[in-house]
Amino acid sequence: MSPTDPDARAAELVAAMTLDEKIQLVTGFLGMPVQEGAEVGGEGLFGLTDEMTPPPGAVGSDGFVPGIPRLGIPALQLAGAGVGVTSLVPREGGESVSFPSSMSQTSTWNPPLIREFGRRIGHEARAQGINVMLGAACNLTIEPRSGRVFEYHGEDPILSGTITREELLGTQDEGVVASVKHYAANFQETGRFVVNSVVSERALREGELLAFEVALADDGEVPAPGAVMTSYNKLNGVYASENPYLLSQVLKGDWGFRGWVMSDWGAAHSTVESALAGLDQEFPHAHWYGAALKAAVESGEVPHERLDDMNHRILRTLAIVGVLDDTRPAPAKETAAGLETAQRIAEEGTVLLQNDGVLPIAPGFAGSIAVIGSHADVAVPSGGGSAAVRPVGGNPVPAEEGADLPQYWLPSSPLEALRAALPQAEVRFDGGGEAVAAADLAARSDLAIVVASQLTMEHFDVPDLHLPDGQDALVSAVAATGTPTIVVLETGGVVLTPWSSEVSAVLAAWYPGHRGGEALAAILTGAVNPSGKTPATFPVSEADLPHPEVFPMPPLPGREGPAQLTLVNILTEQQGAYFDAEYDEELLLGYKWFEAHGTDVAFPFGHGLSYTTFEYGDATAVPRPDGGLAVTVPVSNRGERRGREIVQVYAELPAEAAAPRRLVGWAKLELEPGETGEAVIGIPAKHLSTWSVEAQRWVLASGTARLDVAASSRDVRVRLEAELGA
Ligand code: BGC
């Protein structure tokens, strides 16, 4: 063992620790004060009271674990991560770049770009004294109304896991531990403390758990993601934080995970059960660990070796990622570079869903344009809750009074960016509050751009997939003027688009981040050719979903209403009022559901247009040594603009696999006009395998698989066959 061997280093430290020190390292606290007037002071949130102050030594963030100076073990300072470094309550230097939402990140299908994003937030974390980042989340968006869809990475496990992993690894490249969450099956926010997700083992392994498995894979080249956060919900009757199947059998057993498992904030419900099931650290109020864990170790209910293992896992991870012996001074912030990365993600993550040729708008366009709605004169929205980043440059749209959790608009103006990109055009703005006034401006313009938005946040699911606040009617009223209309969607996830046949173009910008306005103007005017593809299906109607409604929480008389939701959740839990959310769609998650039922969709998974066209040549598939395949296909840019194409491969496995057609890999190419490039798509054996519940392992299907080389899940360009297991 070398002196830097992380296991040796951890073992040496654990051997030197007292019982109290070992308990200290596995017991996390809230790292911020919650006082009267603080934005997070919603009653019941994490069970906090007004008297609480931040623990000494905490920088003021979501989580804190005191250090052990005599052994050189640093304090852990934890902050949220999904779209940037969060600062739930104000702290010195806590304003950061707010990056595009995870849906936007995933729409890039560009792992290296997301790795860069991870590095940016890792760097920013260090600049703010944070050494553990609480994200990213790779729960599948199988409930499209979830308030956290903007933090999730779409409906496909391989895509979600791959993109999530890059953020985690990028963060760790900077010497900051990254945690993946919420493990597992945290599909909806409604009743999130009391919901019991019911999912069969095969559906879990080939769906939600596969996303985590991909995200956490240890390839030995760089430290694998170092931490996992459990979810609030129960899974098949057992809380995630004390679930031996999830923690011991799958995560630490089958996947060989060597990092540590922390609870979500308030997600632990026991001392002994949690410790024995595999929970290594509790947050945020020493309810179940702390003194209670010490007593359980002293009484022998929790073996001392298990406490050592918890500590070993934490220390090993700190050593291998570089937190333990980090003597570097905190770096200066790199806000300008962060903004640049944010803009690139927004440019590649915006999806052109529909275009009759109205786009791009020529840079010399000298007519008039009406920009309507969503504070597009000053800002773009971002998602709310613990992932909300306090934006550098401030919030141009003051928050509603009394909001439970933070939600920010970001200082980036689509209107001003468009004016700058189209100097000869007359670009005017209408707030969109009155459809009649908006339509009037549209009628007096050559082009109308309706920016439609939907605010979503942690804790609250949206009631339905319609654009809120009459925006469907607004779009229709503007389109009815006859002025060509472009709709830009700034939403958490997918929404219904009942007006799509009335308008000329539709763009999904998701929450486009701190440079969303600039990115949007670049795409609308063709300075950037759109290349994003949607990681989730846009349905025609909610009736087409596996579950036409969000699973409802049992009502508590007199306590209804969103403002009371947090409190209601806790009270409901105390009364033992759990409810089941039964995911009986089994393997048919997302696009697989719509395909199996032959249902029309508004815009399919993997869809996204460009201002150029791509032609696919003949594809070949050759076996790889690991039992997987390598698919090669020439792709030519037949248009007049440089563009990027995301070439997708879907596999229909041999019949004995009894599995729906699935995405198994993709490649992204950038091509000049007239250029032909080769897309090479590596497909690991696991992506062509199914989970055998009987044998408890992945089984590579044998026989002939059909491979669809496609521009979207429903736009198959080349079909070929390949022998599996050959
Ligand atoms: C959220 C987590 C978050 C934690 C700390 C919880 O309510 O579910 O995603 O990391 O709070 O802010």
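Reader: In β26, which residue is the bridge partner of Val-649?
Author: This is a predicted model. Strand β25 covers residues 643-652 and pairs with β26 in the antiparallel sense, over 9 bridges. In β26, the partner of Val-649 is Gly-665.

Reader: What is the strand order of the open sheet with antiparallel pairing?
Author: The sheet is open and has 4 strands. At its edges stand β26 (662-671) and β31 (715-724), each pairing on one side only. From one strand to the next, the twist averages 25°. The order is β26-β25-β30-β31.

Reader: Why is one side of β9 and of β20 left without a neighbour in the sheet?
Author: These strands belong to an open sheet of 4 strands with mixed pairing, in the order β9-β8-β6-β20. β9 (238-239) and β20 (579-582) are at the edges, so one side of each has no neighbour in the sheet. The reason is that each has a single partner strand.

Reader: Which residue in β8 stands opposite Asn-196?
Author: Strands of a sheet pair through backbone hydrogen bonds, either parallel or antiparallel. Here β6 (residues 195-198) and β8 (residues 234-235) pair in the parallel sense, over 2 bridges. Opposite Asn-196 stands Lys-234.

Reader: How many charged residues are in the shell around the ligand?
Author: In total, 13 residues surround the ligand. The closest are Asp-62, Arg-148, His-182, Asp-264 and Glu-458. By class, the shell has 5 nonpolar and 2 polar residues, and the charged ones number 6.

Reader: How far is an oxygen atom of the ligand from an N or O atom in the side chain of Asp-264?
Author: Polar contacts are counted within 3.5 Å. An N or O atom in the side chain of Arg-148 is 2.8 Å from a ligand oxygen. For the side chain of His-182, the distance is 2.7 Å. For Asp-264, it is 2.6 Å.

Reader: How many residues apart are Arg-115 and Glu-166?
Author: Side chains of opposite charge can pair when their charged atoms come close. The whole structure has 47 salt bridges. One joins Arg-115 and Glu-166, with the closest N and O atoms 3.3 Å apart. The pair links distant parts of the chain, helix α4 (residues 111-127) and helix α5 (residues 157-173), and the separation is 51 residues.

Note on methods:
Residues numbered from 1 in each chain as written. Predicted model: local features only at pLDDT ≥ 70, side-chain atom pairs only at ≥ 80, totals over all residues. Heavy atoms only, no water. Pairing = 2+ DSSP bridges. Axes fitted to C-alpha atoms, helices over the stretch in contact; angles between N-to-C directions. Near = heavy atom within 4 Å. Polar contact = N/O pair within 3.5 Å; in protein donor to acceptor, adjacent residues only side chain to side chain. Nonpolar A, V, L, I, M, F, W, Y, C, P; charged D, E, K, R; others polar. Salt bridge = Lys/Arg side-chain N within 4 Å of Asp/Glu carboxyl O.
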